[in-house]
Structure formats: structure tokens, C-alpha cells
Amino acid sequence: MSTCDEKERVEFLQGTLDMLVLRTLLLGPAHGHAIAHAIERNSDDVLQVEQGSLYPALHRLIRRGWVQAEEGLSENNRRAKFYRLTAKGRKQLAIENTRWEKFAGAIARIMRPAEQMADL
Amino acid sequence: MRWRRPAEEELERDIADHLAMETEENMARGMSPEEARYAALRRFGNVARVKEETRRVWGWNVLDTWCADVKHALRRIRRSPGTAALAVFSLALAFAPSVTVFSVMDRLFLTPLPVKAPGEILEIQFRDTRPNANYPYLAVSYPEFQDFRSSLKSFSGLTYQRGQGAMVALNGRRTLVGAHLVSDDYFSVLGVPMQPGPGFLKNRPSLVVSHGFWMRELEGRPDVIGRTLLVNGQAYSIDGVATPDFRGTDKILSPDLWIPFETWLQLQPGFRAFMARRDIRDGVLWARLRPGVPAAQAAAEVESMGREMAQRWPATNRYLTSYTYAPLADRERGGINLTAVGVFLLGILLAVACANVAGILLARAEERRHETAIRQALGASRARLVREWMVESAVLSSMAAALGLAGARVLMNLLPGWLPSLVIPIHFEFSFGPRVWLYAASLVCVSALSFGLVPAWRGSRPDLLSGLRRDSAVSILHVRIPSRSLLIVMQVAAAEVLLFSAGLVLDTVSAVERLDIGFDPHRPVAMAVLVASGEDGSLRQVDCEAVCDRLARIAGVRRVAYSRSVPLSGYGGGATFRLEMPGQEPREVMGGSAGPAFLSILGVRMLSGRDLQAADQHAVLVNVTMARLLDPAGNAVGREVRLDGAVKQIVGVFQDTAWNSVYDPPRPRAIALAPARSGGDTTFAVEVAGNPSAYVKVLRNELAAAQLGAAVLSSKTLWQHYQDSLFVERTATRLFYALGLLALLLTVSGLHGITAALFARRSREFAIRLALGAAPRQIMGTVLASGLRLAAGGLVLGLAIAFPGALSVASRLPGFSPWSAPGLGLSSAIVMVAAVAAAVQPARRVLSIQPGDIVRAE
């Protein structure tokens with residue numbers, strides 16, 4: 001189970017799960033289980049995916065044409081469904097990325113104005 | 001939902017794979033298999049919810065819930081089939097006539113005549129300026145058409161049509177079809193294309209067939225173009241098929257053939273003299289305005305042309321003025337207005353049905369309060385409940401629509417059968433066009449909304465406490481009852497008015513049957529029309545005396561006669577003679593010709609003199625009115641008169657006889673001897689011993705055998721012939737009875753609904769009363785009485801409306817009494833019996849009350 005304390009877990013902002021899935025798939029095709037683990041691992045276990053919620057998100061991305069599903073074999077030779085980023089999904093990730101940076105920057109500026117930063 | 005199975009299975013497998021991997025990992029961390037599986041499931045979250053959310057992504061859940069709602073609605077309908085059947089049935093009762101009437105209106109009024117720019121087309125007619133003219137409006141004769149065509153400048157084209165029966169020899173049999181003789185530019189003036197074929201050709205006898213005829217008789221084969229068709233024994237080549245939507249300019253009677261006038265006259269020269277007469281005005285003149293010419297200018301030109309004709313042809317045109325009107329544009333405007341009125345009236349019918357169904361559903365909502373409250377307690381939102389109710393309404397409405405459309409189909413097939421038997425069969429082609437489907441669909445939506453919304457809204461009212469306690473103190477139905485009672489009273493009143501009127505019409509018809517029509521329709525006489533033609537379909541002369549001799553040899557036949565004109569036959573009644581009297585202006589009298597003893601066989605009374613005899617070449621019979629005109633002293637027999645320029649001697653005076661219709665006012669009429677040999681159609685009548693209907697078929701067969709290739713039309717008894725002439729009256733009776741019955745059925749469903757609602761509302765009270773020892777019969781009485789009170793109120797109201805109307809009609813119609821037995825007694829009895837029948841079923845439910853079950857507190 002998670003090494004992180006329950007209290008430190010962060011709820012997902014609306015829509016960020018989709019972005020994280022896309023980002024994870026940038027590294028290469030992966031099956032659902034691997035995606036869930038990658039998100040958790042890469043956020044140092046701060047972001048805790050309720051693993052099931054990944055599936056509606058994946059199917060949403062498939063419908064939008066950003067992700068493709070294909071059959072494949074997992075690390076331990078199990079047959080599994082792999083999800084792959086499409087060219088359209090790659091473009092979308094770039095857009096989401098920019099948007100996220102703007103958003104995060106704005107939040108950061110509000111939470112810690114420059115003068116306060118100076119005081120610290 | 002087979003198509004979604006692969007996706008569902010794939011998702012299932014995906015999730016299973018995921019859980020298996022997680023479990024394996026957990027086991028690798030040292031958990032027991034069971035522990036590892038549980039941990040994996042915990043981290044995954046609610047599997048069912050994940051699936052549900054994924055399905056929502058797929059967009060299937062919307063469909064799913066709709067399907068579930070429809071299934072649920074069907075289940076609820078199955079659970080109370082009686083109530084549902086009543087609702088569906090009463091809606092279908094409104095749908096079927098609505099769709100039928102609308103499709104008839106669609107065909108007659110809304111479908112524009114498929115001609116090019118119908119607004120440019122005018123019709124030219126004559127008006128008789130004499131105040132007491134027999135026919136104030138007159139059509140145009142062929143010579144007059146030719147005059148108009150050669151002189152009028154305001155029109156780019158003038159064309160003429162005249163209806164004509166034609167004998168067609170086809171596939172070894174002969175059929176009489178309706179034809180229009182037309183001027184050769186008919187289709188180009190009207191702007192109707194051929195499909196297929198070039199249209200009339202100049203270099204050979206050429207004709208155009210209707211699309212219906214092409215499909216019916218020629219199997220719709222395109223290679224019939226150029227083929228020969230024998231019409232009245234003359235060979236024509238089929239040079240065109242009119243477009244399917246062009247069924248002639250007449251709305252109901254559609255011709256099967258169009259034949260150029262000049263060709264017809266060349267091939268049948270005997271016809272030319274007849275068509276050259278200026279006073280045979282039975283054609284329609286269509287004129288297309290020249291572009292840029294205002295209609296007023298054209299009208300002025302036509303009027304001045306009419307004045308010229310009056311001067312040039314005083315014998316036929318002295319009193320006539322010509323005028324134009326725009327029948328097609330007028331028809332279209334009038335048609336839309338008529339349809340709007342029709343749709344409005346049908347809407348009232350539908351509204352009544354909807355109110356009834358709403359009542360039924362409200363009663364059901366009351367019964368379902370407990371179920372609804374439980375579902376609300378479990379978290380069902382009001383919107384969800386309303387939606388369920390509405391889906392149920394839509395399902396009911398759709399079922400009713402299916403039933404109603406089937407009913408409309410049946411009605412439309414019955415319609416042509418109600419028409420009187422005609423010499424030329426009518427092909428009454430009705431179909432559900434796109435407008436009819438649209439109308440039916442909108443009926444479904446509008447009705448579902450109007451009867452479903454109120455019960456849905458009230459039935460889904462958050463009412464947990466009393467709903468769960470089955471406490472009827474607060475009732476859904478509470479407010480609705482008074483207005484509904486009023487509606488029921490009005491429905492009963494409407495049913496009573498209609499049934500009362502039906503009874504009166506029936507009574508009137510029997511009064512009409514007592515009118516003196518101058519002959520006796522009850523006489524044992526059978527009659528049939530013979531159209532003689534050769535094997536190739538060419539018209540032949542009939543030797544009437546030979547045919548009569550043949551018929552006289554049939555066992556049981558007493559007397560035989562032939563005639564060219566027959567009372568009440570609906571055609572040929574308008575023929576006239578010109579009567580010239582010394583020192584007076586010539587005047588028109590009604591005319592006709594009959595064979596010896598024909599009038600006697602029909603039972604026309606001879607007041608003086610004798611009937612016609614075979615040798616009476618110059619004899620004539622006159623009726624009393626004409627006899628008085630000629631000789632007020634009453635000694636007309638033996639006098640000589642000039643009719644159509646020939647001198648005739650009056651040999652007998654017969655009683656005034658209804659000739660065109662049973663209401664005919666007495667007009668001067670002369671009957672000359674019909675020649676024993678002539679072409680055209682001849683009626684043969686046989687007087688028999690015994691039942692004449694037994695001779696109808698024998699007569700037909702004998703006539704067919706009498707001349708090879710003859711066509712025998714409308715073989716019937718004298719009584720049937722008479723009844724056919726009362727077609728309008730009989731249709732009115734039928735219509736009133738049908739409407740009255742419809743109103744009655746709707747009333748029954750409404751009364752049933754309201755008594756059922758009353759029962760549902762007061763069932764708890766009834767249970768308590770039963771528990772306290774009331775007799776079930778007493779309580780049934782209460783329920784029944786509430787229904788009957790409404791019915792009685794409606795009955796009184798209906799009579800109060802209908803009776804004064806009937807009294808005022810009675811003052812104008814002699815022999816008509818509002819106190820007739822079928823009108824007053826029967827209609828009231830029918831209404832009251834129906835009311836009792838409607839209230840009995842809900843009332844009987846009192847017997848099924850288990851006081852313990854209802855009174856017990858939850």
C-alpha cells in the first residue's frame with residue numbers, strides 16, 4: 001500500500017487526470033494498471049489515483065481520438081489492453097501543458113505574491 | 001442490445017486484468033491471496049460504478065435509462081391492463097377519425113393541383129341573368145370554347161375538357177372508364193408533363209392515360225407507349241402517361257383517359273352534330289393568363305366577349321353573361337381554411353379523449369401514491385418520476401396511434417363502399433402522405449403531453465409522509481374533480497345531442513320516404529343499363545324491341561320496357577325541349593324519352609289519356625304542370641305542341657314525378673317516345689312476379705347475352721335505385737350515428753375514469769364504513785349514484801340544447817317532429833344504459849375491499 005500518510009493525499013482537480021494520463025502515455029504505450037502506478041510513482045505517491053477512475057478517463061480519451069487501444073503482452077507475459085498516445089493526443093498534451101503552466105503560475109502568484117516571497 | 005456486447009466484454013476483461021496484476025503485485029509483497037485480492041479491489045474502487053461511468057462516457061446510459069423507462073412503463077401497463085386498454089381505446093377512438101378526416105382533407109384540399117402556376121389559371125363560365133333561371137351558372141359548350149379561343153387576347157392559352165364514358169377493350173374484356181375529351185393543347189396549357197411518353201401526337205389518333213390506369217391495366221410497363229388501345233372500337237395509340245399526382249382537374253372523379261376532341265369527333269362523326277350544339281354546356285374551359293396581363297383586364301375582355309355572343313346567338317345566349325374566376329387559387333385558399341376548421345374540430349374530439357385519459361391516469365396516480373412515496377424515500381428525484389410518467393403516457397399514446405392508424409386504414413377502405421353504385425367506377429385512391437404521418441406524429445406528442453403532464457406532476461409530488469402512511473386525507477385528485485365533472489356532463493350532453501339528432505335524421509329520412517315522388521319505388525321491378533358495343537368495343541345500335549322480347553321470355557317476368565331517361569338516375573335529368581307556343585316566346589321545358597309502357601311499369605300514374613305505344617312516333621306525354629301550362633282548362637290530351645321544332649300530339653298526362661331528386665319542385669316536363677333502335681345507353685326495366693332482387697342477376701346475364709360485347713351497368717331493383725338517390729340522407733344518418741356512438745364511447749371512458757378516481761380517493765373511507773358494518777351494496781350505490789348523477793345532468797343539458805333546435809327546424813319542415821321515438825326515447829335510453837355500464841365496474845370494486853388491509857396503519 002501507499003507509503004504516504006492518508007492526510008497528505010491530494011484530490012484531483014477537474015480534468016487533470018486526463019492530462020496526467022496523456023503525459024504518462026508520452027513515454028510509450030502502457031496498460032491501465034501500469035498507468036495508475038506510473039502516476040502514483042511519479043508524483044512520489046502524493047497523487048493517489050482511485051485506480052478504477054482511470055477507465056472512464058481512458059475511454060473518454062479514446063472517444064476524443066487522443067488515445068488508441070490495442071492488444072499486447074504485459075511485462076509478465078499476460079495478455080493486456082495497451083493504450084497508446086495518438087498524434088492528435090500529442091498535440092492536445094502540448095495544449096494542456098501550456099494551459100496548466102499558466103494556471104499553476106497564476107495560482108502561485110496569488111498564493112505567494114512577490115513581496116511576500118521577498119519577506120520570507 | 002447485442003451490438004454493445006463486445007465493448008462491455010472488453011471493459012470487463014480490462015478491469016479483470018487490472019485486478020489480477022494488482023493482486024499479483026500485492027502477493028509479491030507478501031500478502032495472502034485473499035488479502036491481496038481484497039486490497040486490489042479496495043484500491044480499484046467500486047467496479048460497478050467504474051463500469052457505469054465508462055458506459056456514460058460511451059453515451060449508452062442515456063439510451064439505457066430510456067429503455068428501462070419504456071420497459072417499466074410496459075410493465076406498469078401490463079399490471080393494470082383494463083385501465084390501460086380503456087385509455088388506449090378511448091384515444092384510438094379520437095385518433096382514427098382524426099387521421100381519416102385529415103387524410104381526406106389532405107387529398108382534397110391541401111394537395112395542390114399539380115399544374116404549372118395555378119394562380120394564372122382562370123375558368124370561364126356563363127351566368128343566367130334571369131331571376132328564376134333553372135341553372136343560374138352554366139359551363140361552356142364546345143363551339144363557345146372555340147369562339148373564346150379564337151378571339152380572347154388576354155390569355156396565353158385556352159383549353160377545354162368534357163367528361164365522357166368510354167368503352168375500352170383490353171386483354172379480352174371491355175370496361176367502361178371515365179375519359180376527358182380535351183383540346184389538344186390541354187397538357188401544355190395546364191403545364192402537366194408526361195411520364196413517360198411524348199403526349200398527344202398530331203399525325204395519328206393519340207391518347208394519354210392516367211398513371212392509375214397505367215399501373216392497374218397496363219402493368220406500369222414503359223413499352224406501352226406507341227401501343228394501340230381500342231376505345232369505342234377505334235384504335236388510338238397510347239402516347240403518354242400523366243404524372244402520378246395529376247388525376248385530372250376534378251378532385252374526386254379522376255379520368256383514366258384523355259383524348260383530343262378533334263380526333264374523337266373524326267373517329268365518331270355521329271358525335272359531331274351533338275357537340276356542335278351551343279346549348280350543350282357541359283365542358284370546363286380553362287384559360288391561362290398571358291404574363292403581365294392583370295386578371296381584371298382579362299375579366300373585362302371575357303365579359304365583353306359574352307355580350308357579343310349574346311347578340312350574335314340570341315337563341316342560346318340572350319340571357320347569359322360570361323365571367324371568369326380563379327378556381328384553383330380559390331380552392332387552395334378555401335382548402336387551407338377548411339382544413340384548419342377541420343383540424344380544430346378534430347382537436348376538440350382529441351381534447352375530450354385526452355381529458356378522459358388524464359382522469360384515468362390521475363386515478364392511477366392516486367393508487368400508486370404508496371409506491372411513489374417509497375421510491376422518493378429511496379432517492380428518486382421528481383424529474384426522474386415525471387419522466388417515467390411521461391414515458392408511460394408516450395407509450396400509451398403510441399399504442400393508441402397504432403390502433404388509430406389501423407382503424408383509419410379500415411375506415412378509408414370503407415369510404416368508397418359507402419358511395420352509391422355509379423355507372424363508371426370511381427378509383428378513390430387514398431394513401432397516407434407525408435403530411436398525414438406528420439399529423440399523426442404530432443397527435444401522439446400533443447396528446448401524450450396534454451394527458452400526461454398533470455398526472456405526472458401531481459403523482460410525483462413529494463408527499464412522503466402521507467404517501468407512506470397510505471393516508472388518503474390529502475389527495476392528488478382533490479382539486480381536479482369539479483372541473484372534470486363538468487367535462488363529463490358536457491360529454492354526456494354532446495353524446496345526447498348527437499344521438500338525438502341521429503334519431504331525428506332517421507325519422508326525417510323515413511318522412512322523405514313518404515314524400516310523393518310520382519311513382520312507386522316498392523313495385524316489383526328490376527332494372528339495368530345496357531351499353532351496346534361490338535366485340536372490338538365500338539358502339540352499336542341496340543334493337544330495343546328484340547331485347548325486350550328476349551327479356552319477356554324470362555319466367556316470372558310480366559312486363560318489359562326500355563327508356564333513355566329514368567327518374568332519380570342522377571344523370572340525363574337536365575335534358576330540355578324547346579317549347580314554342582303561338583304568341584309566346586319559346587321556353588325550355590324538361591324533357592326526356594321513354595319506351596312504351598315504361599312509365600306504367602314504374603307506377604307513374606296516368607291522370608288522363610294513355611301511356612306511349614310502339615306506333616306513337618309523334619306522340620308525347622306531359623306531366624300535370626305542363627298540361628296546366630298548355631291548357632289551364634285541363635283538356636291537354638289531344639292537343640298538338642311544337643317541341644324542338646317538331647309537332648307532337650299529347651296522348652297522356654302523367655302525375656308530376658321527381659326526376660332529378662326526391663325534392664324536385666314540379667316543373668313542366670314532356671316525355672317523347674324513345675326510338676326502338678339507337679346507340680348509347682338504354683335502361684331496361686322488367687316487372688316481375690315476386691321478389692325483384694332475385695331477378696337482378698338474371699337481368700344482367702340476359703342483357704349481356706342479348707348482344708355480343710354489350711356492357712351491362714348498375715343492375716338493381718327499383719327500390720335500390722330509389723335508395724341510391726337518398727344517398728346523402730342515409731349518409732347523414734350514418735354520420736350522426738357514428739359521431740354519436742363515438743361521443744358515447746368517449747363518455748363511457750370518461751365516466752369510468754371519474755368513478756374509478758372517486759373510488760380510489762374514498763377507498764379508505766369506504767373501508768372504514770365497511771368495517772363499521774355498512775353493506776357493500778350501500779357503498780356500491782354511492783359510487784354508482786355519483787356516476788349516474790353526472791350522466792343525468794348531461795342528459796338534461798343535452799336535451800336542453802338539442803330540443804329547441806329541433807323545434808325550430810320542425811316549424812320549417814312539415815312532417816318533422818322532435819317528439820320522435822328514436823330521437824327522444826332511444827337516445828336517452830342509450831345514454832343512461834352506457835352511463836350505468838361505465839360506472840358499474842369501479843363500483844363493483846367495493847366488493848373486493850378488504851377493510852383490514854386498508855385501515856391497518858403502516
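User: In which strand of chain B does B:S608 lie, and why is B:S608 called partly exposed?

Analyst: B:S608 belongs to strand β16 (residues 606–609) of chain B, a strand being a DSSP run of E of at least two residues, just as a helix is a run of H or I of at least four, both numbered from the N terminus. B:S608 has 16 other C-beta atoms within 10 Å, and because a residue counts as buried at 20 or more such atoms, as exposed at 12 or fewer and as partly exposed in between, with C-beta atoms placed from the backbone, the middle class applies. This is a predicted model, in which local features need pLDDT of at least 70 and side-chain atom pairs count only at pLDDT 80 or more, while totals for chains, interfaces and linings use all residues. Residues are numbered from 1 along each chain as its sequence is written, and chains are lettered from A and ligands numbered from 1 in the order in which they are written.

User: What makes strand β11 of chain B largely enclosed by the rest of the structure?

Analyst: Of the 7 residues of β11(B) (residues 525–531), 6 are buried, so the strand is largely enclosed by the rest of the structure. For comparison, 40% of the 858 residues of chain B count as buried. β22(B) is likewise mostly covered, with 7 of its 8 residues buried.

User: How do you know that β11(B) is joined to β22 and to β23 of chain B?

Analyst: Two strands are said to pair if DSSP finds at least two bridges between them. β11(B) is joined to β22 (residues 681–688) by 7 bridges, in the antiparallel sense, and to β23 (residues 711–717) by 5 bridges, also antiparallel. Towards β22(B), B:L530 has B:T682 as its bridge partner and B:M527 stands opposite B:A685, whereas B:V529 faces B:L713 in β23(B). β22(B) also pairs with β13 (residues 557–563) of chain B through 6 antiparallel bridges, with B:R559 partnered by B:E687.

User: Why are α1(B) and α3(B) called oblique to each other?

Analyst: Their axes come within 11 Å and cross at roughly 140 degrees, an axis being a line fitted to C-alpha atoms, for helices over the stretch in contact, with angles from 0 to 180 degrees between N-to-C directions. Angles under 35 degrees count as roughly parallel, over 145 as roughly antiparallel, 65 to 115 as roughly perpendicular and the rest as oblique, and α1(B) and α3(B) are therefore oblique. The residues that meet are B:A7, B:L11 and B:I15 from α1(B) and B:V47, B:V50, B:K51, B:T54 and B:W58 from α3(B). They divide into 6 nonpolar, 1 polar and 1 charged, where Ala, Val, Leu, Ile, Met, Phe, Trp, Tyr, Cys and Pro count as nonpolar, Asp, Glu, Lys and Arg as charged, and the others, Gly among them, as polar.

User: What makes α1(B) and α2(B) oblique to each other?

Analyst: The axes of α1(B) and α2(B) come within 8 Å and cross at roughly 130 degrees, and the two helices are therefore oblique to each other. Residues making the contact include B:H18, B:L19 and B:E22 of α1(B) and B:P33, B:A36 and B:R37 of α2(B); by class, the contact has 8 nonpolar, 3 polar and 3 charged residues.

User: Which elements of chain B give two or more residues to the side that touches chain A?

Analyst: In the contact between the chains, 17 residues of chain B meet 16 residues of chain A. The elements giving two or more residues to the chain B side are α1 (5–28), α2 (33–44) and α3 (47–58), and that side has 8 nonpolar, 4 polar and 5 charged residues.

User: What makes β1 and β2 of chain A edge strands?

Analyst: The strands of chain A form an open sheet of 3 strands in the order β1-β3-β2, with antiparallel pairing; β1 (30–31) and β2 (67–73) each pair on one side only, and are the edge strands. β2(A) is joined to β3 (residues 79–85) by 7 antiparallel bridges, with A:A69 opposite A:Y83.

Technical notes: Contact = placed C-beta atoms within 7 Å.
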